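Hi there,

Here is the structure I promised to pass on. Have a look through the model first, and then read on for what turned up in it.

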Amino acid sequence: QVLEGFASWLRFCHGITAATLASHPLVHTALSSLNTDQFLEAAVNVTSELIHFTVSRDSCGITEQFPLIQILIPHVMGLKEQLKDSSKDEEDVKAIARLFADMGDSYVDLIATGSGDAMQIVNALLEVTSHSEFDISSMTFNFWHHLKRNLTGRDSYTSCGSEVPIEAERNRRMQLFRPPFEVLVSLVSSRVEYPEDFHTFSEEDRRDFRYARYAVSDVLLDATDVLGGDSTLKILFMKLIQACGSGAEQNQNWQPLEAALFCIQAIAKSVSIEEKEILPQVMPLLPRFPHQEQLLQTVCSTIGAFSKWIDAAPAELPILPPLVDILNKGMSTSEDTAAAASVAFKYICEDCRGKFSGSLDGLFQIYHVAISGVGGYKVSSEDSLHLVEALRLAIITILVAFNMSPYLFIHNSNQCGYHDASARPC
């Protein structure tokens, strides 16, 4: 009760100095209680409030807070081994993880300087990120985002003076933090795997799982700002190759394969369209993957995400026709795969329409099936409209390129019943 009362008092106190708190008996009682099971939660609450106190708006600057910071950090770091203690109560592990996350978020400016002590804190936060429970590992996601912003933001280097020392310091820090961010990419990429019992999930569980995947996507995008999109792609490609070697192509263990592919499509906008090492290996793999529903959905999304790269790919790489076949399959499998496939088709038709020469008959067949509703497509009315407009654009582009009259196509398509959105039979 005393510790909980002290935590509440710290939350609202004003005027006390960090030096006074650093020598206060209640502070030392709280810090020593971090190593007890009975008082751990209350001690964590006090320590968390002390951390927040050192960076509050009422504090007199970080330098004046050092007497307190210097005793807080060692005590928190002393809890690192307890994160991996399997005998520890899960709620206690969550409390300790929260303390590390608070320390990282609060002292990110100090950590970003890259001192030896700072890198020890980074390694401890990687330990939290590696925890098997997503509720625990995700506590660090805000820290990685704030660290990325500090490393890449120009405001973090104003104390360096002129342009040359600013750039030198920025390069030093970016190189120093590359290894932790590389580890981070490997750690979080496994967090998006579909569980074996996903088919038994309630709607709430499915919503939580989707949220977790979005959160991991954000972390991966943060990593690309430090590592670069192409370098991040290399790490994720190794995950994909490992999954391919685990029997995923025989429809076994498809979850790691889907997870790696999900992460790759999540960073698509950060990968340069001139990338020539990894994507030429990824795209030929896609037609070989099993047509398991969730995997097929992600394959379709990946094709759409890299539409601009596909357009810029060398002509000697005949990757587009098999990818179109995959999208055609996706539109016939389920409503979810059809939604992903139709969006991907839209991007492909918009970005790669110059590559469809010789495919007029195939495109018109897809167009006809989409507007007639005959042929087994499971595309929604809204997605169907986008798909039809994209196909129309691609087909007209081909006709114009070969000096054929687009009027004939428009006339023939209207004969199929497509006059306007309200009159579409599908």
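A word on burial before anything else: a residue is called buried when its relative accessible area is under 20%, exposed when over 50%, and partly exposed in between, using a 1.4 Å probe and protein chains only. The model is a predicted one, in which local features need pLDDT of at least 70 and side-chain atom pairs count only at pLDDT 80 or more, while totals for chains, interfaces and linings use all residues. Residues are numbered from 1 along each chain as its sequence is written, and side-chain values use heavy atoms, with hydrogens and water left out.

**The overall picture**

The protein has 23 helices and zero strands. Both kinds of element are DSSP runs numbered from the N terminus (H or I of at least four residues for helices, E of at least two for strands). Of the 426 residues in the protein, 47% are buried. Contact here means heavy atoms within 4.5 Å. Taking contacts between residues at least 6 apart in sequence, 71% join residues at least 24 apart.

Helix α3 spans residues 25-32, and its buried residues are Val27, Ala30 and Leu31. Looking down the axis of α3, these buried residues fall within an arc of 95 degrees, so they line one face of the helix. The arc is taken from the directions that run from the helix axis to the C-beta atoms. As background, an α-helix has 3.6 residues a turn, so residues three or four places apart point the same way.

Gln65 sits in the loop between α4 and α5, and it is buried at 4% relative accessibility. Its C-alpha is 5.6 Å from that of Thr54, although the two are 11 residues apart in sequence. Ile69 belongs to helix α5 and is also buried, with 3% relative accessibility. Ile69 and Thr54 are 15 residues apart along the chain, and their C-alpha atoms are separated by 7.2 Å. Not counting residues up to four places away in sequence, Ile69 touches Thr54, Ile62, Pro74 and Tyr107.

How do α10 and α11 lie relative to each other? Helix α10 (residues 141-152) and helix α11 (residues 163-176) pack at about 150 degrees with their axes 9 Å apart, and they are therefore roughly antiparallel. For these terms, axes are lines fitted to C-alpha atoms (for helices, over the stretch in contact), and angles between N-to-C directions run from 0 to 180 degrees. Under 35 degrees counts as roughly parallel, over 145 as roughly antiparallel, 65 to 115 as roughly perpendicular, and the rest as oblique. On the α10 side the contact involves Asn150, Leu151 and Thr152, which meet Arg170, Arg173 and Met174 in α11. The residues of this contact divide into two nonpolar, two polar and two charged. In that grouping, Ala, Val, Leu, Ile, Met, Phe, Trp, Tyr, Cys and Pro are nonpolar, Asp, Glu, Lys and Arg are charged, and the others, Gly among them, are polar.

Helix α13 (residues 203-227) is another partner of α10: their axes come within 9 Å and cross at roughly 25 degrees, which makes α10 roughly parallel to α13. Phe141, His145, Lys148, Leu151 and Thr152 in α10 meet Ala215, Val216, Val219, Asp222, Asp225 and Val226 in α13. That contact divides into six nonpolar, two polar and three charged residues.

Next, α11 packs with helix α12 (residues 178-189) at an angle of about 40 degrees, with their axes 4 Å apart, so α11 is oblique to α12. Met174, Gln175 and Leu176 of α11 and Arg178, Pro179 and Pro180 of α12 make the contact. Its residues divide into four nonpolar, one polar and one charged.

**Two more residues to look up**

Ser186 is found in helix α12 and is partly exposed at 27% relative accessibility. Leaving aside neighbours within four places in sequence, Ser186 is in contact with Ile235 and Lys239. Thr302 lies in helix α17 (residues 293-305) and is buried, with a relative accessible area of 0%. With residues up to four places away in sequence not counted, Thr302 touches Leu261 and Gln265.
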